[in-house]
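Reader: Could you take me through the ligand site in this model, and then show me what lies around it? I would enjoy a close look at that one part.

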Amino acid sequence: MPFLMRKLAVILLSSLFSISVCYADITLPAPQMKDGMSLFEALKKRSSTPAGDFPVGQLSDDELSTVLWAASGLNRGKSGWTVPMVKGKAPYVRIYVASQKGVFRYEWEGQYLREISNKDIRADIGQQSFTRRAAYALIFVPDSEAFGDMDAAKANNFANIAVGAMSQNIYLTAAALKLSARYIHSIKSDVISDELKLPENSKAIGMILLGK
Ligand SMILES: Cc1cc2nc3c(=O)[nH]c(=O)nc-3n(C[C@H](O)[C@H](O)[C@H](O)COP(=O)(O)O)c2cc1C
């Protein structure tokens with residue numbers, strides 16, 4: 001093959017490869033929205049899995065999808081969510097998912113995971129070493145653009161209230177699906193900002209570990 005043709009073939013192949021790496025988003029299966037354990041049974045079972053007993057098992061995609069939907073999915077057409085958002089705004093706390101496969105952002109519009117990177121950061125983001133064992137770390141990050149010119153302290157309170165509601169939905173869903181969960185506030189916020197490629201004025205609040 002002449003030199004120019006060979007060079008063109010290499011460029012074409014490498015650009016095809018980089019396209020496939022860039023677009024490794026994950027489509028989630030439809031979440032479970034009916035049947036299963038009753039709400040009252042789940043309330044009776046809700047608990048944080050002890051740190052020392054946190055299991056290393058993997059969740060199915062169905063289970064992950066259901067937990068993410070419970071945390072901030074659409075539940076009433078195109079603009080109603082499973083957790084309350086001030087003035088009915090779109091979710092202003094985003095969930096990033098750290099797993100063995102990499103880092104993703106949960107997109108409630110379309111129920112899929114948008115790839116941020118293919119790096120496994122689970123061992124780097126918590127201040128306690130057991131956090132690396134969890135199949136998933138769901139990291140809560142406020143959307144710094146969502147509140148416009150609202151007073152920063154007030155916006156921060158609203159974001160924290162959203163994290164509380166999202167966390168409890170995750171805890172109850174984990175109980176209903178017999179998964180392990182634990183809220184973790186002792187995170188390495190600067191590492192998370194770098195790995196999630198967050199804008200300068202945006203910082204993670206905490207994370208929930210999920211396992212089985
Ligand atoms: C605001 C908050 C911060 C927490 N931070 C951590 C943490 O950094 N590390 C940890 O192992 N557990 C953490 N937890 C989990 C608590 O230790 C756990 O929820 C508490 O022991 C009560 O247990 P229960 O959820 O089973 O009722 C946190 C919980 C809350 C509500």
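Author: Happy to. In this predicted model, the residues around the ligand are Arg-46, Ser-47 and Ser-48, then Gln-128 and Phe-130, and finally the run Arg-182, Tyr-183, Ile-184, His-185 and Ser-186. By class, this shell divides into three nonpolar, five polar and two charged residues.

His-185 takes part through its backbone, where an N or O atom lies 3.1 Å from an oxygen atom of the ligand. With Ser-186 we are back to a side chain, which has an N or O atom 2.9 Å from an oxygen atom of the ligand. As for cover, the ligand taken alone exposes 620 Å², and the protein buries 53% of that.

Thr-131 sits in the loop between β4 (112–117) and β5 (136–142). Is Thr-131 buried or exposed? Its relative accessibility is 4%, so Thr-131 counts as buried. Leaving aside residues up to four places away in sequence, Thr-131 touches Arg-122, Gly-126, Ile-184, Met-207 and Leu-209. Ile-184 in that list is also one of the residues around the ligand.

Now let's step back to the chain that holds this site. The protein chain has five helices and seven strands, and from the N terminus on its elements run α-β-α-α-β-β-β-β-α-β-α-β. Of its 212 residues, 42% count as buried. Among contacts with a separation of 6 or more, 72% are between residues 24 or more positions apart. The chain exposes about 11,600 Å², with carbon and sulfur atoms supplying 56% of it.

The mean pLDDT of the protein chain is 91, and 89% of its residues reach 70 or more. Over residues 13–21, however, the pLDDT is below 50, and beyond near neighbours in sequence this stretch has two contacts in the model. Where pLDDT is low, the predicted coordinates should not be read in detail.

Key: Residues are numbered from 1 along each chain as its sequence is written. This is a predicted model: local features need pLDDT of at least 70, side-chain atom pairs count only at pLDDT 80 or more; totals for chains, interfaces and linings use all residues. Side-chain values use heavy atoms; hydrogens and water are left out. A residue is near a molecule or strand if one of its heavy atoms lies within 4 Å of it. A polar contact is a pair of N or O atoms within 3.5 Å; within protein, one must be able to donate a hydrogen and the other to accept it, and residues adjacent in sequence count only if both atoms are side-chain atoms. Accessible areas come from the Shrake-Rupley method with a 1.4 Å probe; for residues, only the protein chains shown count as cover. Ala, Val, Leu, Ile, Met, Phe, Trp, Tyr, Cys and Pro count as nonpolar, Asp, Glu, Lys and Arg as charged, and the others, Gly among them, as polar. pLDDT is the predictor's confidence in each residue, from 0 to 100. Contact means heavy atoms within 4.5 Å. Helices (H or I, at least four residues) and strands (E, at least two) are DSSP runs, numbered from the N terminus. Buried means under 20% relative accessible area, exposed over 50%, partly exposed in between (1.4 Å probe, protein chains only).
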